[in-house]
Amino acid sequence: MNIYKILQKKRFNCELSSEEIRFLVEKITTGEVSREQAAAFLMASCINGLSKNETSALTMSMTNSGTKFDFKNLGKPVADKHSTGGVGDKLSLLLLPILLDLGCLVPMISGRGLGHTGGTIDKLESILGYRTVLTEDEIYRQMESVGGMIVSQSPEIAPADKIIYSIRDITATVESDGLITSSILSKKLAEGLNCLLLDLKIGNGAFYPTLESAKELIANMEAVAGECGLNLKIVPTNMDNPLGQNIGNWLEVLETEECLKGNFPQDLLDLTLLLASEMLVLAGIFDYIAKAYAAANESIESGRALDMFHRWISSQGGDLEASRKEYANTPIYIVKAKEKCIIAGFNTKQLGFAAIALKAGRSSPTDTLDFAAGIKLLKKQGDSAEENEAIAVFFARDTSLFEQAEQIFLEAVL
């Protein structure tokens, strides 16, 4: 086969065969297809779309490009959750300890920030010592001893997706239903899952502003998961507002810990219990949502989820106490209301860009993150503020960034 002809065929909006896609993915993995050629394929796919057959072939080719895990011998259901991306979304950090406490295995492979959205791996790398890359042997030991993990893609796990994912972020090819489907499911199928919950973010801070705009993704996900025998549940959730109060890597780890101590903002508590109960029923741990909901709530209230959170973080090398000391003296900047007002809402995507301006996220893949950077919201939708009253606190080691970030932030407040 000829790469040039495959690219030309996709540019003219002709459907690629499964053999052509397997060939392309194999050559991307080995480096025989350049990043420029991969980018050309992604742009053509983004503009012209991928058929369900193309999406399925791309998913399976990327899954088969690396190691696939099997945890059946551990005798528990293997479950995972994936979010399509939001602002202040620390749900993976909250759900993992609850699910582990209640009898699920959770081998979560997560990514870094994509566009304006935060990345779970970036959050965890803010914890000093936390290891986001484990060898295959270490992964099996981690699953046997703790029952769960959150790791990034190693070179062995869906390596084709790792390459493609990094190119999508810098070529404006993130918002493609077929590419999103294949990226999510290739990693998840490599985990050896029994079931997967997709937290489908909808709203002004999501890649999908309305449920209608996500219909093609839903159809793709359900079709490909069905072909692969993966039990999938898609739960649309609201992303018209940031989740919780904290936006930024270390700040979101801190908020996770506070939540598991029982100090939940209401929006985070409601969504955590909803998704936890859906996953527990999907995994077969409970028969009914009401029972699963009560069990998840009790896991938090008893302190068991907090204990499991600490055990999991420690098992992957993370040192929360050292991290607290590391970030304790981060400079802050108080953002004040310009006039008396009621916060009608947020342009949540813009809030994500304000966090990026503080270096809590990346404008390009080569950017270095300030793990201490971020935003603590003091006012949320429906709250009133007096003139000159504090509405947010910025954190950043580079204080020269505060002024620009404030401009972006204030434009996001409706």
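Analyst: The lining of the largest pocket has 4 nonpolar, 6 polar and 4 charged residues. In this count Ala, Val, Leu, Ile, Met, Phe, Trp, Tyr, Cys and Pro are nonpolar, Asp, Glu, Lys and Arg are charged, and the others, Gly among them, are polar.

The model is a predicted one, in which local features need pLDDT of at least 70 and side-chain atom pairs count only at pLDDT 80 or more, while totals for chains, interfaces and linings use all residues. Residues are numbered from 1 along each chain as its sequence is written, and side-chain values use heavy atoms, with hydrogens and water left out.

The volume of the largest pocket is about 350 Å³. Among the 14 residues lining the largest pocket, G111, R112, K162, Y165 and S166 are the closest to its centre. A pocket here is an open set of points on a 1 Å grid over the protein atoms alone, where a 1.4 Å probe fits, with protein on both sides within 12 Å along at least five of seven lines; a lining residue has an atom within 4 Å of a point. Grid points are joined across faces, edges and corners, and the volume is the space filled by probe spheres set on the points.

The second largest pocket holds about 220 Å³ of space. It is lined by 14 residues, of which G115, H116, D169, V174 and F353 are the closest to its centre. By class, the lining of the second largest pocket comprises 5 nonpolar, 5 polar and 4 charged residues.
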